Amino acid sequence: MACVKMRNSLLKLSAGILIAVGPLNTAFANKADDTLRTTFTKEIESVDFYFQSAREGSILSRQIWDGLVFRDPKSGEYVGNLATSWKWINDTTLEFKLREGIKFHNGEDFDADDVVYTVSFAINPDNHVTSPSYVNWIKSIEKLDQYTVRVHTDSPFPAALEFLSGLVPIYPNEYYAEVGPTGMGLKPVGTGPYKVESVEPGKHFVLKKFEGYHDGPKGQPSIGTIDIRTIPDINTQMAELLSGGVDLVWGVPADLAEQLASSSDLTVVNESTMRIGYVTMDASGRGGDNPFTNREVRQAVGHAIDRQAIVDNLMKGSSVVVHAACYPSQIGCTKEVETYDFNPAQARELLTEAGYPDGFSIDFYAYRERPIAEAIMAYLADVGIKANLNYLKYSALRDLQTKAGGGFGFLTWGSNSINDVSAITSQFFKFGGQDFARDEEVKAWLDAGDTSVDEEVRKKNYSKALQRIAEEAYWIPLFSYNSNYVFTKDVDFTPTPDEIVRFFDMSWK
Amino acid sequence: MLAFALKRLGLAILVTFTVSVISFSLLHLSGDPATSLAGENATAADIAAISRQYGFDRPLTVQYTDWLWKALHGDFGESYYFKLPVADLIADRLSITMTLGICAISFALLTAVPLGVAAAVRPNSVVDRTALFLSVAGQAMPSFWFGLVMIVIFSIKLRLLPASGSETWRHFIMPTVVLGYYAMPAIMRLTRAGMLEVLNADYIRTARAKGAGAGRVLFKHALRNAIVPVVSLSAVQMGFMLGGSVVVEAIFSLHGAGYLAWESIGRHDLPTVQALILIFSCFYILFTLLSDLANAWLDPRIRVG
């Protein structure tokens, strides 16, 4: 443990040195050859969107493919992309008119057959897509004519457009039938603003502007070539940025971003993300009897943690304290919930009332941002709750929770950038593996919200669920996350809260 | 000699088998592979589907024997993560690691042995002290730190070498030095100690007395004897470099087999991990065997023994 800590602090120190000595009077050649060089941190599984689960994969998919609709990242409005218009025929049938005259990168014409093939492929359980939940709300898809399709759902699915805008890219049917997911991962073909020049699996991706791109809501791409290399070490990414090897890096830690901001050659932009951090407690006693089955104890945890201080000192940037169990911009999220201000005295009082005047000792679980987990533990210790840290890999912790263990911990959820409460609250409070509240009424409200296409009905029900979660303090939501984007002054780029980097929106200054 | 070799080979196969059984069980104990494969945004239903698809719901022994049977037939399967044949994936990554490993061990030997000999010839001299300093620094400096310092100097300051990647030979210079420097001190200290011991031996005095030249005494008589343990150590170091160059590969973004192994463990990519472990253990065994043969050639006593 000490070793890991030392390594981390050494890394920070060395990164500091990198920045301190970097001359930063770089003449960036990349604008001259019209190539934007950037990096991924993670080796992605495949470029085929349906067979990967990484953010990097989502980013690539938006450049290479299009969805039926497009969500404007600024206004949040849905506009037609491969479709030009749509209408709900009834609660479970959505009809799309498709755009005519679009060609795939390989020259194949786009029409209803492509949409029907792609969707039918993705929803077929035999094809084992990585994230079935992206598509399995679709029961079937039907071609009415060459440019009209109908999507049928099992039950009303209000987030249909949200899912179709980002999670269901459309593939060329003939090509996909021929090459399959492996071929698509190595030589992707889409209708998107960028076509793929080369793929070295996990390591290196080169995209070229697609000259025949249709005039859709994404607009025409401006930069000619996008060259993406996977560089796992953030310090090496910084070194490449400082030595002119790359033009854009994102996910830069706050302390490094602060130092880079002083450079006259680099632009640092901080943008919030949909990820929120929260403390979960075993309120229903799934993992056995424990102090958190008592509401006062859970509320004491809410009063014990100075969330604003964590935001100010550790999260920084555009992070904010959140009180409801959702990201504020998500459809159905409300701010009208009970809040727990930082008040250690009140926390101790609540613990005394609950029968724990001397506090108690309990296991505490976390999987990322160890310094934040430790800050939370320090606040808890101050009111008498001695939390023993178990720091696990995400998969191990999630597995443990599914088996009713690890009920008290610091966790986070990014909603996969889906701007809808069903992507977070409904994931955790409907008696799933990670639901430690097991509140029948909360589940009923969430079900009502998830299956209504009437926005008012949805909001009313989600609001009730979120208010109950806050009153009962099943979760103590903590704060939202943020990401730092650092790029050379040559690049014109405005990041968005959905953490999707859109190369087609970038240009040279 | 043949019986000896066969016995060793049999033992090696047993070791490899044991390693693969243990690693297989450990990987399964460290968390549900399905959860890991599904990714962070997966719902419970996604995870259950993946578990069924890959057969993680079967008993562990069944899963293991299934893998073993196919591996014995040369089929390492498909990577759970990349959905590509493991053999292709590893061939690509291993070439980088092998290049780096061979360059690094050559660098280490070419610097460490001459320094060790020089240090032994004049103990406690400036040369010896310098060599001592270099070796202490090499052992004390973590690879990632040394790597970053190199990047700062040669990539950012001087703009001489690329900071990351593996496209050209220039990309391998810094990783070679960093990885090689880590192995250098042990080799140098062992050369020095061996040489000091041998130089005081009676047969060296005899060789000098019969009028053999200084160079002949040093290299033909002394180094040949002193180098025996160095050869064994180099074999171990080479094995370490293949599997243990994770940090260097990560810093210089080389995407070699070491980094692939490390990442695959985190991703619960069992077919890849299993195949890599098998290959790494084979290499380890091969290098040990080669060093034994080299030593037997260098030292006739080993041949007889």
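**Reading the model: core, domains and contacts**

Modeller: The largest nonpolar core has 224 residues, and those with the most contacts inside it are A:Val301, A:Ile469, A:Val486, B:Ile187 and B:Leu276. Helix H5 (residues 86–121) of chain B gives the most to this core, with 16 residues. Please bear in mind that this is a predicted model.

Colleague: What is the general idea behind such a core, and why does this core lie between domain 1 and domain 2 of chain A?

Modeller: In soluble globular proteins, nonpolar side chains tend to be buried together. In this case the core lies between the two domains of chain A because domain 1 (35–230 + 490–508) and domain 2 (273–483) both give residues to it.

Colleague: How many residues does each domain of chain A bring to the contact between them?

Modeller: Let us begin with the assignment, which divides chain A into domain 1 (35–230 + 490–508) and domain 2 (273–483). The centres of these domains, taken over C-alpha atoms, are separated by 33 Å. Domain 1 of chain A brings 13 residues to the contact, and domain 2 of chain A brings 13 residues. The side of domain 1 that touches domain 2 in chain A consists of 6 nonpolar, 3 polar and 4 charged residues.

Colleague: Let us turn to the two chains. Which element gives the most to the side of chain A that touches chain B?

Modeller: The contact involves 48 residues of chain A and 41 residues of chain B. Elements giving two or more residues to the chain A side include helix H1 (2–21), helix H5 (173–186) and helix H12 (394–402) of chain A. H12(A) gives the most, with 6 residues. By class, the chain A side that touches chain B has 16 nonpolar, 23 polar and 9 charged residues.

Colleague: How many helices and how many strands are there in chain B?

Modeller: Chain B has 14 helices and 0 strands. Its C-alpha atoms fill a box of roughly 80 × 60 × 30 Å along the principal axes. Of the 305 residues of chain B, 45% count as buried. Where contacts in chain B link residues at least 6 apart in sequence, 72% of them join residues at least 24 apart.

Colleague: Finally, does A:Pro357 count as buried or exposed?

Modeller: A:Pro357 counts as exposed, because it has 11 C-beta neighbours inside 10 Å, and a residue with 12 or fewer is classed that way. A:Pro357 is found in the loop between helix H10 (344–353) and strand E13 (360–366) of chain A. Apart from residues up to four places away in sequence, A:Pro357 touches A:Leu351 and A:Thr352.

Technical notes:
Residues numbered from 1 in each chain as written. Chains lettered and ligands numbered in written order. Predicted model: local features only at pLDDT ≥ 70, side-chain atom pairs only at ≥ 80, totals over all residues. Domains from an automatic or database assignment. Contact = placed C-beta atoms within 7 Å. Nonpolar A, V, L, I, M, F, W, Y, C, P; charged D, E, K, R; others polar. Helix = DSSP H or I, 4+ residues; strand = E, 2+ residues; numbered from the N terminus. Buried ≥ 20, exposed ≤ 12 C-beta atoms within 10 Å, placed from the backbone. Core = buried A, V, L, I, M, F, W, Y, C linked by C-beta atoms within 7 Å.
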